[in-house]
Amino acid sequence: MLETRGPGSKITQQWSAFLRGQPTQEPRFVVAARQAAEAAFSELGYPLRRNEDWKYTNVAAVAQTAWQPAPPAQLVRQFDWEAVRVIIANGRVLDVHVPPASANKLRIMNWHDASQKHADFLESYWNRTARWSQHTFAALNTMLFDDAVIVHVLPNQDLDLPVHVEIYQQANEQLEPQAVFPRILFVLGQGSRASLVESYSGGSERCFTCGVVELILERGAHLSYYKVQQEHPNSIHIVQAYARLAQQAELQAYIVSLGGGLVRNECDVRLEGECGSCTLNGLYLARGKQHIDNHTEIEHLAPACTSYELYKGILSERGHGVFQGKIYVHPGAQKTDAKQTNQALLLSDDAEVDSKPQLEIYADDVRCTHGATVGQLDEQQLFYLQTRGIGREQARSLLIYAFAEDIVSRIQVEPVRLQLEDLLLAEEGLPLERELRRLSLP
Amino acid sequence: MQPMLEIRDLHVQVEGKEILKGVNLVLPVGQVHAIMGPNGSGKSTLAAVLAGREDYEVTQGEILYQGRSLLELDPEERAREGVFLAFQYPVEIPGVTNMYFLRAAVNAIRKHRGLPELDAMDFLQLVREKLRLLRMDESLLKRSVNEGFSGGEKKRNEILQMAILEPKLCIMDETDSGLDIDALRVVADGVNSLRSPERSILVITHYQRLLNYIIPDQVHVLVDGRIVRSGPKELALELEAKGYGWLEQQLATSKL
């Protein structure tokens with residue numbers, strides 16, 4: 001067993017196999033960033049549970065494993081709905097498909113093209129929002145990633161088709177522990193609208209996905225961001241998303257976690273310009289021994305911004321959910337309107353949820369509220385369904401589905417919504433809605 | 001002929017307090033009976049016990065439905081056997097569409113009756129026909145069960161379910177409460193269209209007004225957990241004119 005827990009120790013040794021395989025001839029600012037990230041990683045060390053931000057999540061499994069780089073993966077096409085599609089397998093961009101209708105609205109690059117041909121663009125946006133100097137795993141990603149996808153939606157464009165980034169892991173044949181470092185930079189130009197779907201799948205009990213996502217919304221931009229994670233139920237998934245919003249920009253995020261054994265979704269949003277707004281909707285299902293940790297930090301830096309968070313968790317068997325939400329209102333961020341809600345449905349005696357809101361407010365004219373509810377199914381609703389002939393077990397399933405559907409129904413990208421609905425219905429052993437959907441109703 | 005429903009000496013407690021204190025009632029097949037009573041007389045408790053609410057404790061007596069004890073059955077079994085309660089306060093279920101809910105209910109009941117499940121097209125045809133009957137908009141099917149429905153829409157949704165599920169015994173708990181006169185007419189027309197020689201309906205109400213539209217075969221007056229008077233439909237008018245105080249007073253005098 002490796003002992004690399006404490007900061008300052010030879011923590012980077014654990015990753016030496018990765019350091020050897022890094023891209024060469026990167027622009028100087030990238031080399032500098034990687035070195036700084038390596039120094040930060042050594043300095044920070046793995047977060048211990050006495051670190052307030054990691055109080056409920058133990059990452060010893062990451063620290064004590066001898067991770068190896070993942071071998072090249074095969075291209076597998078899992079989705080066929082129309083989208084601008086990027087496939088990242090075992091950390092490398094394998095395919096980029098841009099339908100002609102979207103071609104003049106955006107640019108998509110892999111890491112090699114971006115760093116060789118668009119270094120100026122990269123230098124302006126890349127690694128500026130990720131908090132690699134404070135977050136161990138963002139530092140680790142910055143130090144080790146070897147490919148990335150960079151999307152730039154040009155100003156004043158309405159991207160009708162969603163951008164779908166498919167990220168999957170294929171385990172190596174020897175089933176050695178393997179780690180991948182997906183990295184996404186999405187820049188949405190002034191006044192543009194777009195949807196980004198990020199789906200994670202594959203992996204095994206010996207796979208670790210350590211990702212960083214940077215979302216830059218320029219003035220008046222509008223982004224719907226969907227993260228759907230369905231990895232192997234024993235994989236480790238730590239992906240940190242960082243968003244930055246300029247004036248009047250709007251972010252609607254949906255963070256859906258169905259898979260993973262040890263999962264940490266970080267979602268940090270900086271509201272930097274007046275009248276920006278963000279909505280974070282989270283949904284997670286934890287059963288077996290799944291541990292799913294959602295950590296959010298919303299920084300209100302400018303006046304008259306709104307932030308709205310609703311996280312819902314369904315926990316059964318020995319599932320463990322964590323919600324930690326920080327709202328930080330800087331001085332001068334007057335007229336801030338922030339609301340945070342965390343709801344969990346506990347379906348077994350062994351399931352557990354830890355919820356910790358944290359409000360830091362340094363402006364006086366603000367409205368900030370938070371609330372958490374943990375409960376079981378509603379008896380009145382169960383009774384109502386039963387009086388219509390629906391058996392108690394099916395009634396329970398229907399209400400569990402309904403609890404999740406509250407989030408899922410808001411998803412605007414139809415193939416994503418329908419896939420999730422079918423999956424949740426199947427999960428609860430309920431009849432699929434497919435044929436009802438085909439009926440034309442007003 | 002065996003009655004649809006027979007209640008014998010029914011005593012019910014809620015949280016240790018006796019609410020029904022020996023109710024006796026016979027509802028023959030094909031008839032409509034009304035139960036009237038002041039607030040707190042136990043009307044809604046009776047409705048809830050018939051539908052199978054668990055937190056109501058039956059301490060004495062029995063309820064026979066088509067000659068069979070109802071108390072042994074779970075709420076869903078009662079529904080599948082043909083008992084339907086139209087709720088005074090229909091429950092909202094965000095996240096389940098009315099369409100999905102109705103089909104799940106219909107198919108649960110059909111399965112129990114040994115009928116094949118309805119496919120989407122047949123189901124839609126059935127629902128459309130019933131929607132027209134209740135002058136309801138099809139868009140209600142896509143919305144979550146009762147969520148954001150107006151008072152009138154909720155009550156109509158109850159009658160819609162009743163029309164679709166085709167129960168044998170309908171219990172209508174304060175179906176008129178919160179309805180304006182137009183909505184009341186629509187609901188009453190819906191209920192009247194469901195009257196049949198094979199179906200019995202128990203209308204529970206505080207006011208006589210609903211009984212102008214749904215004419216009962218008999219009226220029972222429930223006061224303080226007991227049926228104190230039964231009579232023809234004219235009894236409802238008498239109650240309307242004299243108020244419940246008249247009967248409560250009579251009751252008190254007779255006890256002396």
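Domain bounds here come from an automatic or database domain assignment. This is a predicted model, in which local features need pLDDT of at least 70, side-chain atom pairs count only at pLDDT 80 or more, and totals for chains, interfaces and linings use all residues. Residues are numbered from 1 along each chain as its sequence is written, while chains are lettered from A and ligands numbered from 1 in the order in which they are written.

**View 1. The two domains of chain A.** Chain A is assigned domain 1 (11-273) and domain 2 (380-437). Taken over C-alpha atoms, their centres are 32 Å apart.

**View 2. Where domain 1 of chain A meets domain 2 of chain A.** Their contact (C-beta atoms, placed from the backbone, within 7 Å) takes 9 residues from domain 1 and 6 residues from domain 2. On the domain 1 side, strands E9 (193-202), E11 (222-231) and E13 (250-257) each supply at least two residues; strands (E, at least two residues) and helices (H or I, at least four) are DSSP runs numbered from the N terminus. E11(A) gives the most to this side, with 3 residues. By class, the domain 1 side has 7 nonpolar, 2 polar and no charged residues, where Ala, Val, Leu, Ile, Met, Phe, Trp, Tyr, Cys and Pro count as nonpolar, Asp, Glu, Lys and Arg as charged, and the others, Gly among them, as polar.

**View 3. The side of chain A that touches chain B.** Look here for 25 residues of chain A in contact with 29 residues of chain B. Helices H7 (379-386), H8 (392-408) and H10 (434-437) of chain A each supply at least two residues of the chain A side, and H8(A) gives the most, with 7 residues. This side of chain A has 11 nonpolar, 7 polar and 7 charged residues.

Definitions and conventions:
Two residues are in contact if their C-beta atoms, placed from the backbone, lie within 7 Å.
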